[in-house]
Amino acid sequence: MSHFTSEDEVLLQSMLRQLLQSVKEKITGAPSVECAEEILLHLEETDENFHNYEFVKYLRQYINNAVGSVIEEETEKCTSAQNQGEVSGYDTLVQRVTKKTRESKEYREMMHALKNVMMVVVESLINKFEEDRMHNKDLDTKTKKERQSSYCTDNCSDSDSSFNQSYTFMSQEQLQMLLERLDPIQPKEVRQEALRTLCFAPPSDILNSESWPSLRKHLTMALLDPDASFSDKILRFYAKTFSSSPFNMTREVYTSLAKHLELYFLSGEYSFRISAGLDVSNSEINHLLKKVRLLNEYQKEAPSSWIRHPEKYMEEVVESTLSLLSIKHEPNDPDFLSPIYFLALLDIKAMWFKKWMHAYYSRTVVLGLLEKKYKSLINAAVQQCLDYFEFCKAAVNKNSRVNDFSQRRCSDKQNFSYTGPELQYVCFVHSLCLLGTLLIYKQGRDLFPVQLKNKKDTVSITDLLVLFTQLIYYSPRCPKTALVAHTDHYSPASLVMEILQVFCEQTGCAAECLYMDAVIDSLLHPCQSLLNGTEVYINCLETTLIDVADILARIAAVEDGLSLLLYGESEKTAEEDSPTAVHVIVQFTKKLLQDDISPLSGSELLPVVKGAFIFVCRQIYRTCEGLQMVIPYGLHETVGEAWKKMSLLSERVPTPVTGADSTSSVSLESKNILLWEETLLDALLNFSATPKGLFLLHSIGAVDDAVNFMFSNLSKKLQTNEYEEFGNRVIVTQMATTPTGAVALQSSGKLK
């Protein structure tokens with residue numbers, strides 16, 4: 001059995017520990033076979049990897065070799081009897097085969113042999129444990145006087161493997177003694193020694209003992225000790241418990257740690273303020289962050305196991321967390337550095353909340369508690385977003401620069417502190433991500449509207465979505481010259497874009513959150529302002545417009561979303577004082593193509609902005625209803641003129657000369673011209689998705705070029721865009737149904 005893995009060692013240790021507990025202090029005879037069977041059955045039910053252990057495979061093979069022939073023989077007999085009507089039912093067949101096998105001579109011999117082997121193995125392991133314990137006891141005695149207070153810290157580090165530590169199975173008497181030595185009235189040295197013993201004890205022995213409730217209280221009190229070594233040792237024991245114990249045990253440890261933190265934040269000892277900033281190198285702050293980090297790690301791991309346990313266990317963890325995060329020292333003290341700030345520093349995108357909301361099992365509990373007892377947590381998140389937006393808007397209106405806290409240089413090892421505004425920004429990001437996750441689900445949306453203390457009116461979902469869209473253009477952005485994936489950092493615009501893109505993919509969520517006139521109007525605010533010629537105070541206008549077009553294209557790609565853009569919420573008709581979104585989009589696209597937007601003139605990103613809005617229009621005029629709205633603006637003529645202009649330019653691009661200095665610039669210029677020409681031609685081609693659109697394409701003399709471009713794409717086997725339901729193959733069919741299209745297809749010579 002030398003080929004067993006470390007996982008098998010864990011299994012054997014777990015079995016041995018349970019066997020030893022069942023026979024008290026000493027093994028005077030062989031452990032009962034029934035006890036071993038119960039342990040194996042329990043492990044099979046609780047350990048999903050049970051059948052992958054080499055030890056289990058070995059045991060299965062051993063049983064098969066010993067009684068396999070008996071099982072086969074009895075199965076054949078019972079099957080024959082069943083066919084003759086003497087035995088009925090699968091369960092009866094299994095019971096009879098099992099009974100006969102257990103009564104056989106081979107089975108008795110196998111059990112006798114296993115019992116003898118078990119006695120030898122258990123005695124050998126017990127002797128080895130006893131030797132290790134005596135050796136460590138002698139070593140402790142010799143070095144006790146020389147050992148410094150940091151000894152335990154060095155030997156109980158998180159990186160120590162549990163297999164390299166000499167665990168000692170602890171009796172109830174030993175645990176009771178440990179409890180007495182951890183009592184706060186004991187001298188510091190006695191408690192230090194007791195904590196050292198705790199670090200080496202198996203967590204299962206501690207958590208399963210009768211002394212655990214009292215021991216837990218002592219550990220919670222020890223966490224408040226000014227001596228950091230106490231806190232470190234207990235946190236290491238907690239970390240070891242979280243990683244090696246089942247959820248029904250670890251939830252008690254988690255709730256006790258959460259309760260300790262709650263009492264600490266509410267105590268008079270805690271006096272940190274947002275305005276003063278946060279120095280991570282401060283020992284008190286450092287230890288506080290360690291405690292919160294341990295909670296956060298558990299928050300992200302617990303959902304993978306709590307579904308296998310009673311719901312009340314999960315409720316305890318959820319409620320203790322929400323209770324901690326809802327702490328407010330004083331109602332009128334906005335400068336109080338609450339627990340949510342520390343959690344946000346460690347989990348800025350609220351991944352813990354995303355994991356808790358993923359499954360219906362836990363989501364129901366979380367949202368139920370939020371609605372009944374902890375709605376203040378949602379109110380605080382909404383308030384954080386409102387405060388940050390007002391801060392950005394005020395700075396933009398004053399034409400002053402807003403600090404982009406998302407660009408904080410975290411790689412600077414000398415920077416161990418956060419300023420007050422940086423802390424506010426971190427909490428804002430955490431709140432934004434939390435609300436973004438909450439609104440995905442119907443039950444989460446039912447928590448709105450919310451009433452804030454400093455606002456007369458309630459804040460609805462629509463109000464919140466308008467706020468999100470405004471953050472796209474009022475918050476700090478990346479430089480104009482860098483069209484990069486700004487999701488690499490935590491800029492508000494990139495975070496809002498992530499949230500809105502997820503909303504677009506969820507039908508119910510999009511209908512309740514995005515498909516509102518107020519939200520669309522807010523998205524189109526920059527476009528409407530540029531059309532009206534009013535002054536625009538927007539950070540990085542080009543990138544903002546590209547993001548706006550991205551969301552509009554996703555909305556237009558869905559039938560309900562397109563209907564909203566065409567007719568509005570109440571399917572109103574287009575009026576001069578109240579045009580629907582489609583009119584603003586088409587007019588703005590025309591002006592872009594005509595280079596009639598002065599703030600964008602000369603911009604390097606102007607072609608990208610044009611392409612983004614042309615793509616939105618494509619989603620609209622590919623349908624009959626959408627095309628009917630677009631026709632009065634003559635968009636096909638504007639696109640056609642731009643295409644012809646680029647077509648002439650592409651013919652004049654000089655052929656690069658080998659060795660010339662301008663080779664790279666000419667090559668880049670020619671690529672950009674050809675790419676823009678193809679974009680415009682593709683936009684024209686998509687007019688032919690409807691018979692009326694094909695007629696418009698024919699009217700500007702672009703049918704033949706569009707057909708050749710289409711066949712070129714088909715030969716390259718280009719994929720259909722993710723927003724579009726069909727591609728060029730459907731357009732071929734559409735063209736073939738009209739005389740003009742059929743002639744163009746025939747003339748191309750590509751039908752074969």
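Is arginine 618 buried or exposed? At 9% relative accessibility, arginine 618 counts as buried; buried means under 20% relative accessible area, exposed over 50% and partly exposed in between, with a 1.4 Å probe and protein chains only.

1. Basis. This is a predicted model, in which local features need pLDDT of at least 70 and side-chain atom pairs count only at pLDDT 80 or more, while totals for chains, interfaces and linings use all residues. Residues are numbered from 1 along each chain as its sequence is written, and side-chain values use heavy atoms, with hydrogens and water left out.

2. Overall make-up. The protein chain has 36 helices and two strands, taken as DSSP runs numbered from the N terminus (helices are H or I, at least four residues; strands are E, at least two). Of its 752 residues, 48% are buried. Among contacts with a separation of 6 or more, 75% join residues 24 or more positions apart; contact means heavy atoms within 4.5 Å. The chain exposes about 39,000 Å², with carbon and sulfur atoms supplying 51% of that area (Shrake-Rupley method, 1.4 Å probe; for residues, only the protein chains shown count as cover).

3. The arginine 618 pair. Arginine 618 and aspartate 682 meet through their side chains in a salt bridge of 2.9 Å, N to O. Arginine 618 belongs to helix H29 and aspartate 682 to helix H32 (residues 663-685), so the pair ties together parts 64 residues apart in sequence. Aspartate 682 counts as buried because its relative accessibility is 18%. A salt bridge here is a side-chain nitrogen of Lys or Arg within 4 Å of a carboxyl oxygen of Asp or Glu, and by this rule the count comes to 18.

4. The arginine 445 pair. In the salt bridge between arginine 445 and glutamate 512, the closest N and O atoms are 3.1 Å apart. Helix H20 holds arginine 445 and helix H23 (residues 507-513) holds glutamate 512, so this pair ties together parts 67 residues apart in sequence. Arginine 445 is buried, at 6% relative accessibility, whereas glutamate 512 is partly exposed, with a relative accessible area of 30%.

5. Helix H5. Lysine 105 and glutamate 109 form a salt bridge at 4.0 Å, N to O. Both lie in helix H5, four residues apart, about one turn of the helix. Lysine 105 is exposed at 55% relative accessibility, and glutamate 109 is partly exposed at 46%. Leucine 125 also lies in helix H5 (residues 105-143) and is partly exposed, with a relative accessible area of 34%. Val117, Val121 and Leu125 make a nonpolar surface patch of about 230 Å². Patches consist of residues with over 30% relative accessible area and no salt bridge; like charges are joined within 9 Å, and nonpolar side chains (Val, Leu, Ile, Met, Phe, Trp, Tyr) within 5 Å.

6. A salt-bridge network. Arg216, Arg251, Glu252 and Glu316 are linked in a network of salt bridges.

7. Aspartate 347. This residue sits in the loop between helix H15 (339-346) and helix H16 (351-358). Aspartate 347 is buried yet has no salt bridge, the nearest side chain of opposite charge being lysine 300, 4.7 Å away; Lys and Arg count as positive and Asp and Glu as negative, while His and the chain ends are not counted. The side chain of aspartate 347 makes a polar contact with the side chain of asparagine 296 at 3.2 Å. A polar contact is a pair of N or O atoms within 3.5 Å; within protein, one must be able to donate a hydrogen and the other to accept it, and residues adjacent in sequence count only if both atoms are side-chain atoms. Leaving aside neighbours within four places in sequence, aspartate 347 is in contact with Asn296, Lys300, Trp352 and His430.

8. Backbone points to check. Alanine 350, in the loop between H15 and H16, has a positive phi near 55° although it is not glycine; alanine 350 is buried, at 1% relative accessibility. Aspartate 595, in the loop between helix H28 (581-593) and helix H29 (606-621), has a positive phi of about 55° and is not a glycine. The peptide bond from phenylalanine 448 to proline 449 is cis, with omega near 5°.

9. Serine 244. Serine 244 is found in helix H11 (residues 228-244), and its side chain reaches the backbone oxygen of lysine 240 at 2.7 Å. Serine 244 is partly exposed, at 49% relative accessibility.
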